[in-house]
Every structure is written in C-alpha cells, then in structure tokens.
Amino acid sequence: MPAEGVFSLIWLLIALPLAGAVILLCAGRRTNSWGPYLGVLTVSASAVLGWVMLWEMLQVSPEQRTVEQNLYSWLVVGDFQADMAFQLDQLSMVFVLLITTVGALIHVYSIGYMSHDRDRRKFFGYLNLFVAAMLILVLANNYLLLYVGWEGVGLASYLLIGFWQYKPSAAAAAKKAFVINRVGDVGLSLAIMLMFVTFGTVSFEGVFGSADEASQGTLNAIGLLLLLAAAGKSAQFPLQAWLLDAMEGPTPVSALIHAATMVTAGVYLITRSNAIFDIAELAATAVIVVGVITVFMGAIIGSAKDDIKKSLAGSTMSQIGYMVAAVGLGPIGYVFGIFHLLTHGVFKAGLFLGAGSVMHGMNDNVNMRRYGALRTVMFITFITFAAGWLSILGIPPFSGFWSKDEIIHAAFEQGVVVGVLLVIAAGITGFYMTRMFIMTFLGKARWEEGVHPHESPKVMTIPLIILALGSTFLGMALLFWGDIESWLEPVVGFESKPAALSTAATIAISLTVVIMGAIVAYVMYWRRPVPIEEPRGSWLTRAAREELYGNQVNDALVVKPTYVAARATAVLDAKVVDGVVNGSAAFVGALSTRLRRYQTGFVRSYALSMVGGAVLVVLALVLVRAS
Amino acid sequence: MNPANYVLLSAVLFSIGAVGVLVRRNAIVVFMSVELMLNAANLAFVAFARMNGNLDGQTVAFFVMVVAAAEVVVGLAIIVTIFRTRRSASIDEPNLLKY
C-alpha cells in the first residue's frame, strides 16, 4: 500500500526527533534554557502522530494495513539497490507506539531527574537521537536501512552510558557496551552480505518472498548470524556482559534504552525475519537455547545483586530471554513474544523510573541494603513500583500475567522441557523481584546518617503513575480489546497447537511456583533482618555477584588474546619492519665507509685507474672480436 | 711504405705518453705526455685513412687537433692558478679532495 493521507507523514515520525537532536547538539549552549522542552516536544509530537496513524490503520481492513513510503533511491550499485524507504505495518506500528509513548514519558521524567545536571541539554539531544535511530530501525523496509538504525542506537547507547564521561567507570562501561555490540553487528553485516549473495536483494519483500528457494544451509547460516546480532543488541548469552555495566548511565537511559526499547531490537529483528526462521530449523532451535540460557542467567544474577539498578538489569536480561525463547518457538510464539515485549516495555520502564525516584530521594545511593521502609515516605513511588512488581511476577490481572503465561503455554505446545524450564525461571523471578520490593519499601529503615528520603516532584511522579496504569491494564487491553493475536497475525503468522498442559493447568502451576518464590523472599528478607554488610553467601550467590564469571570468561577468551596479538604486532613492527628499514640504511652506510678509501686525492692514482679501465675495455673488445 | 709501420709507431708513441702521464711528477711534463698521446692518435687516424683510401681519418685528425688545443688552454690555466697559490707544479702536492 502506498503512503497516502496521514501515512504520507511517516518520515515525519523520524524527522521530528532527528531535528530535535540536531538542533540541541549543534546549536550549543544558546539552547540550554529551552532545550529540554524542545526534546520533550519532538518526541511527544511523534507519539501523537503515531496514535493518529494507529487510528487510521484500525479503520482499514487487515490486508491493507501495510503502508510503504519510498523517499528516494539511496544506493544503486550495479545489481544492488537499497532505498530510503519505510514500511509501516502492524508489527512496526506497535513498536512505534512503544518507542514514542514510553519515550515521551521518560523525556518528561528526565526534566525532573536531570534538573541539577549541567549538561542536560546534551542529554535530551542524545535521547532524541536515540528515538530517531530506533524509529529508523523499526520502520525500515530493507535490512541495510535497518542496519543504519541499528548502528544509530548503538551510538546513542554509547553516548548515553558514558554521559558522565569524567567518571572512568562510566567511560569504560560505554566502551564495553559498544565493543560487545560490535561483535553482534558483525553478525548482522555478514547476514546482509549473505542475503545479497543468495537473493540479490536485501529488501524485506525480496528476501522473504524468495526465502523458500534458498538452501537449508544458507538459511541456517543467515539465521544464526541474525541471532548473533540479536544477542549483541539484546544482551543475550554469550554477549550479555555489557548490560549490567550499562547501568552507569543516568536512570532514564537505563529505563528507555536498556529496558524498554534498544534491547528489544534483537527480538524485533528475529520476529521481522520470521520467514527465514520458519524454514531454518537449526537456527530457530539455537534461538530457543540462547533464550532459555539467558532467562536463567539473568534471573540468577538479579537474585544476588544489592545494587537496585543492576538487579533490574538482570531482570531485563531474563525477561528478554523469555521473549527470545518465545520467538524461537515459531508461529506459535511470535505474537506472544511481541506481546510480552510491549507489556515488559511499560512495566520495566516504570520499575526503572521508580528506582530512579528512590535514588533521587536517597542521594543517588543504589545499595538496597541501605534502603528499607520507604513506603512510609515515598507513597506514590511505592504504589507504582508495586504495580510493576506484580506485573513482572505475573499475578493476574496485571499486564505481565497475560503475556508471560501465554509464552509458557506456547512453550508447552512445543514440548515439555522448555515449558518446565520457563516455569522454574518464573519462580526465580518471583523470588528476586519480591526481594527487591521488600528490601526497598518494606521492613525496617536502614538509612545512612543524613539521608532524608522524600517523594519526587510531580514531573517525575506523573510518568510513574501513567506507566503504573499501563502495567496494570495494558495486558488486558491488548489481549481483549486490541486482540493482539489477530492484529499481528498477518505479519508473523499465528498457530495454536495442542499443548502438554491445558491453559488452566499452566496458569495454576506457574502461579504456584511464582508465589512460592515470593514466599521464600518474604521469609528471607522480611521475617529476618536484612544485614547492612554483605554476607558471604553460598558459592552460587558469590558466582551470581560476579555475574556468573561472564567478565572473566570474556577476559580470558577475547581480551587477553587481543592484547597478546597487539603486543606481538607492536614488537613485529619495531623489530622486523623497522629492522629491515634501519638495517638497509646501516648496510649502505657500511658499504660507503669501505668504498670511501678509494678517494685518495692523488691525481696520479686516478689516472692509473683510468688507464686500467681503458685497458680492460680494449681487452673485452678484442676478446669479443676474436670469438 | 707500409702504413702498418705508422700504426706501430703510433702505438709506441701512445704507450710512451701513457707512461709519462703516470710516472712524471711535474704537471707541465704530464701535459706534454697527454699531447703526445693525442698526437699518436692523430698519426693512427691518418695512417688508417691512407690504408682505407678515403679522407675520413684526416677529417677526424682535425677535430682531435681542435680538442687538444682547447684542452691545453683550460689545463694550463688551472695549473698556472695552482702554481700561483702553491708555488709548486708537483701533481702529488694537491690532495685535499680525499675522504
């Protein structure tokens, strides 16, 4: 469908935040006073435009909901063509709404959170840049333009994690995030090259239309490379080490980029490429394996961290693992993976902003061992955080229940093993989120001297309230009123298979396991006093505090060999290359010292050498003549 | 008269001139030896012209004479200048252009 009416403004969705970013970053200090408000305005305008487009899309029948807008022919090289073209269909529509709406709320929150920061104008510029890049990613209609957005969000993530770049830990964390992301990006670029070689095009239409003509091996290769890219961007095993360090950035960044949107780009990529994963079974299985491993890794790490942001980051890793496992299941799971992505985006953003509100009141302290009994002083934060907590646990009727339970049910449709594993992980989720909730808001106060926690200003609490309403009602709204299954079905396909357990049994079992996890946390953290000093803990606790030794593994496998190779190259350059150059210079010097002796200065010796040379020439001539 | 004898004479004269260049110490005598070598060459050219029956060799002899004259002009000028500064015509003395 060509872009007409309001859809001809698809480019404006991207252009508004992009213009905001350019103005705020290029115009400099002049814009310091009104800069933040411009940042909020551009993203809010995009959000409003997105909702209008949704309204229009709902008026049209499902077959006509895909809208394409081709701005211009971007790259034409021989047989290869990639256009600057956007595709707005049901899948990208929900992403556009998530990104712009949650983004707008976080921009508003940042006005309050970053009000004391000297560089806040730059912050809003970078945030706008991120929103623009993420929109390019989800609206692109070919893999090359998607890659542009992919790189753009990686850049924005680097700039925002290292926002306080004078802190060495923040600068190092930004670099770490970027380098690990790069490994994933290699996967995406190789996949694009492989697609071009196989299909001759990288547009979605071209690739998905001819997907069944390629060999299994090629499709598996493309699928595995796309999985590598998704693992890098979404912090899945084995490229998960950057996410916890990324919490060095300001809390709105953690909420927007590392919870709601950027880390979900990997799930988007796999879902968009469903035509490939439907055929490439090996790649799809690998997706499920990666997802399940990460679900457990994130849950275990989140259970042992005392830093509230790092615990939430572990939780994000785990929940995205759920989404990745869901989309790896195939047509039975795509819809639910995206459904969970949307509900998670809302409640996790709410949880992170709530954590930011708590930190704001506790002088930016992140150690939960120093929190406690905050419900008495920060009531709104307490209630909104509770909504997010119940949602992530999956307690009905909150949002998380509807999406997570559908994923577990779909896993049981596939087989028993994955379903059981996801249920166990749900129990661990119940444990660590309840632990966080109790340590922060309930129990006895363990505040430090001179800390006077207070509720945050309205500019911060109103987004919290809106997100809490979303955490409560969005699940039901999307499932019953929005009918998310049939909304996404034209894009990703949707099947239902008979499952090992019925829906009711699944709900009963997973709720029981979750509540058991919550009770364990209650016993450990409310009945007993919480120690201020970190106790030694079991070997698993200590391993989880070290992030399951992920950093040490990366260090040994990648960092040390790279240093060794770099040092070897430096030695090679100094000894061999410089040696050859300096050696030939020395050789010429030595030769010239020997030959200099012939310059005696006596005319007669020169005359003698002339005579000798003439005699030799004559002899040579005579010999040549004679023979 | 056998022209070959003239070529032989030319060779003898050339050798005497060459030895004189290498052996004598006085710069003027070295120059004389160089002139001797040039004239030996002239003699050879003329003898060969007679042997071949055309006048090419005699033409070249003229060229050689011109070259010899020019060379003497320049060479004597250099020697006289050196003599003025050093008061000696020995060719072993000026060895400043050594390494």
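Modeller: One definition before we start. Axes are lines fitted to C-alpha atoms, for helices over the stretch in contact, and angles run from 0 to 180 degrees between N-to-C directions. Helices (H or I, at least four residues) and strands (E, at least two) are DSSP runs, numbered from the N terminus.

Biologist: What should I know about the model and the numbering?
Modeller: This is a predicted model: local features need pLDDT of at least 70, side-chain atom pairs count only at pLDDT 80 or more, and totals for chains, interfaces and linings use all residues. Residues are numbered from 1 along each chain as its sequence is written, while chains are lettered from A and ligands numbered from 1 in the order in which they are written.

Biologist: How many helices and strands are in chain A?
Modeller: Chain A has 24 helices and two strands. Its C-alpha trace spans about 115 × 65 × 55 Å along the principal axes.

Biologist: At what angle do α8(A) and α13(A) cross?
Modeller: Helix α8 (residues 216-233) of chain A and helix α13 (residues 281-304) of chain A cross at roughly 25°, and their axes come within 8 Å. The crossing of α8(A) and α13(A) is right-handed.

Biologist: Which residues meet there?
Modeller: From α8(A), Asn220(A), Gly223(A), Leu224(A), Leu227(A) and Ala231(A) meet Leu282(A), Ala283(A), Ala286(A), Val287(A) and Val290(A) of α13(A). Two residues are in contact if their C-beta atoms, placed from the backbone, lie within 7 Å. By class, the contact of α8(A) with α13(A) has eight nonpolar, two polar and no charged residues. Ala, Val, Leu, Ile, Met, Phe, Trp, Tyr, Cys and Pro count as nonpolar, Asp, Glu, Lys and Arg as charged, and the others, Gly among them, as polar.

Biologist: Where is Gln236(A)?
Modeller: Gln236(A) lies in the loop between α8 and α9 (242-245) of chain A.

Biologist: Is Gln236(A) buried or exposed?
Modeller: Gln236(A) is buried, because 31 other C-beta atoms lie within 10 Å. The cut-offs are 20 or more for buried, 12 or fewer for exposed, and partly exposed in between, counting other C-beta atoms within 10 Å of the residue's own, all placed from the backbone. In chain A, 51% of the 627 residues count as buried.

Biologist: What is Gln236(A) in contact with?
Modeller: Leaving aside neighbours within four places in sequence, the contacts of Gln236(A) include Ala231(A), Val290(A) and Gly321(A). Gln236(A) and Gly321(A) are 85 residues apart in sequence, yet 6.9 Å apart in space, C-alpha to C-alpha.

Biologist: New topic. How do β1(A) and β2(A) run?
Modeller: Strand β1 (residues 67-77) of chain A and strand β2 (residues 80-88) of chain A run antiparallel, joined by nine bridges. Two strands pair if DSSP finds at least two bridges between them. Glu68(A) stands opposite Gln87(A) in β2(A). The hairpin has two residues between the strands, and Gly78(A) takes a positive phi near 60°.

Biologist: And the contact between the chains, how many residues does each give?
Modeller: Chain A gives 11 residues and chain B gives 10 residues. On the side of chain A that touches chain B, the largest share, five residues, comes from helix α24 (residues 603-626) of chain A. That side of chain A divides into five nonpolar, three polar and three charged residues.

Notes: Left-handed = near helix turned anticlockwise from the far one by under 90°.
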